[in-house]
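Dear colleague,

Please find below the structure that I am handing over to you. My notes on it come directly after.

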Amino acid sequence: MSGTGFRWLILGELGLGVVALAWAAAGKDSIPFHADGRVLVLSLALTVCLTVFNFGLFSLGRRFRMAPSVYSFFDEVLFPLVRRVSVVELLVAAAIAGLSEELLFRGMLQPRIGLVAASLVFGLVHGPSLALLPLGLWATVVGLFLGVVYERSDNLAVPVLVHGAYDAVAFLFVRFGWHPIAGRSRSWNGASISSVRSIPFAKTEAYGNDFLLVSGDAVSVREGAGLARALCDRHRGVGGDGLILYAGRTMKLFNRDGSPAEISGNGVRCLAAFLYSRGLAGDGLAIETDAGTVELSVLERRGCRFLIRSNLGTPSVQELELPFELEGRDVVATIVSIGNPHCVLFTEAMDRSSLRALGPLLESHPRFPEKTNVELVEVVGRSEIRVGIWERGVGETSSSGTGSAASAVASIAKGLADSPLFVRCEGGTMRVEWRRGEDVVVEGEAVLVAEGTYFAEIES
């Protein structure tokens, strides 16, 4: 991510300053501002106290994982943003923040509201984004601190200098100290490394189909293919079937081989579970994919396990019975789209060796110029099927959300089964509902597995 977002923040602070000045002018309010030696010493002492208190409380809360959604926001959104811009921009932003916010607070708090109201207003301003403890305590204490400064001083220089200096210290610490190895030249086991990027990730899985989630603020979409190949490598990387780059409630999916994919039924549930666990989504949410919007709802949570219901939209049965000839064998397939392509074959008994033989041939068949996912289906009964999955760009997987949906749609469309249908994959069982002309709905688990930092080496 570039510094564009940060520059918008600077413009926002400037706009806030203009509003504050206009407010003061409209109210014919005086703005005393003078800096001398005494003011500078006092401001320095107050800045040190505020910095020690704020950094200590933040680090303590982070260490003991209090308010994890807050620290996840800082680590994945704010800190990468700060680390991508220049030192000059950071210092300018600190100065602008110090001036504009203090002017606005002064207009709000003095002399009409008073000390206690100052802390309450500060808490209300910051509370929604900072959660409860320990940052609620931080908001109250800093609010009281500002209230004391405003009540006891008629010189705006003190709070402006304290605010600007503290922001500068915080920005510079994040820029150079939060991830010590990021952006520095080091020698590691004798190898010359021009820079090392620290990329936070979360690992998730749905019935053994595993995905690595990375914030789009840390990695651009154009870097996604290369990162997917490196990160999903099970021996030299973290290991996974796919990489999901997310920005808010929008996702971009890359298969293990780096190829882009429109959607993953399991992957979108994994992202929903992650967002829900961070307090970034309620029981219901909508996630934007390249295949359209997926609406999801969390039905149950047990620790790191989530049971999620997802609406994958209206499927398209493109061919009910399409004949193929593969290496001398006649094969009849049902072609279904769940926002991504699927080739469904029915068999008397699900045989994984047949899946491994037919999967690669069908995936890259000339009939599918964009390649296709392949499912081998055994109909067990009117309410149950067994499915083997061969995923485009991945290979054999233990489960697939869209693959299960496509298999169920094909089975019901051919009159072999009824809705709702239990789809048994190697990794577990999902419940699929579909009736002709309606959306297909999948219920299944998503599990949060781990969080960590991936060190991406960038050679000169």
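The notes begin with the chain as a whole and then turn to particular elements.

This is a predicted model, in which local features need pLDDT of at least 70 and side-chain atom pairs count only at pLDDT 80 or more, while totals for chains, interfaces and linings use all residues. Residues are numbered from 1 along each chain as its sequence is written, and side-chain values use heavy atoms, with hydrogens and water left out.

The protein chain contains 11 helices and 19 strands; these are DSSP runs numbered from the N terminus (helices H or I, at least four residues; strands E, at least two). Of its 460 residues, 51% count as buried, where buried means under 20% relative accessible area, exposed over 50%, and partly exposed in between (1.4 Å probe, protein chains only). Among contacts (heavy atoms within 4.5 Å) between residues at least 6 apart in sequence, 66% join residues at least 24 apart.

Helix α9 spans residues 265-277. From its first C-alpha to its last, the helix reaches 19 Å, close to the 18 Å expected; the expected span is 1.5 Å times one less than the number of residues. Because 12 of its 13 residues are buried, α9 is largely enclosed by the rest of the structure. Among the buried residues of α9 are Arg269, Cys270 and Phe274. Cysteine 270 has 0% relative accessibility and therefore counts as buried, and the value of 0% places cysteine 232 in the buried class too. A search of the whole structure finds 0 disulfides, a disulfide being a pair of cysteine sulfur atoms within 2.5 Å. Just after α9, glycine 279 takes a positive phi of about 75°.

Histidine 163 belongs to helix α7 (residues 157-176). Its relative accessibility is 15%, so histidine 163 counts as buried. The C-alpha atom of histidine 163 is separated by 7.5 Å from that of alanine 97, 66 residues apart along the chain.

β17 runs parallel to strand β15 (residues 384-391), joined by 3 bridges; strands pair if DSSP finds at least two bridges between them. Phenylalanine 422 is the bridge partner of glutamate 384. With strand β18 (residues 429-433), β17 pairs in the antiparallel sense over 4 bridges, and arginine 424 stands opposite threonine 429. β17 and β18 form a hairpin with 4 residues between them.

With kind regards
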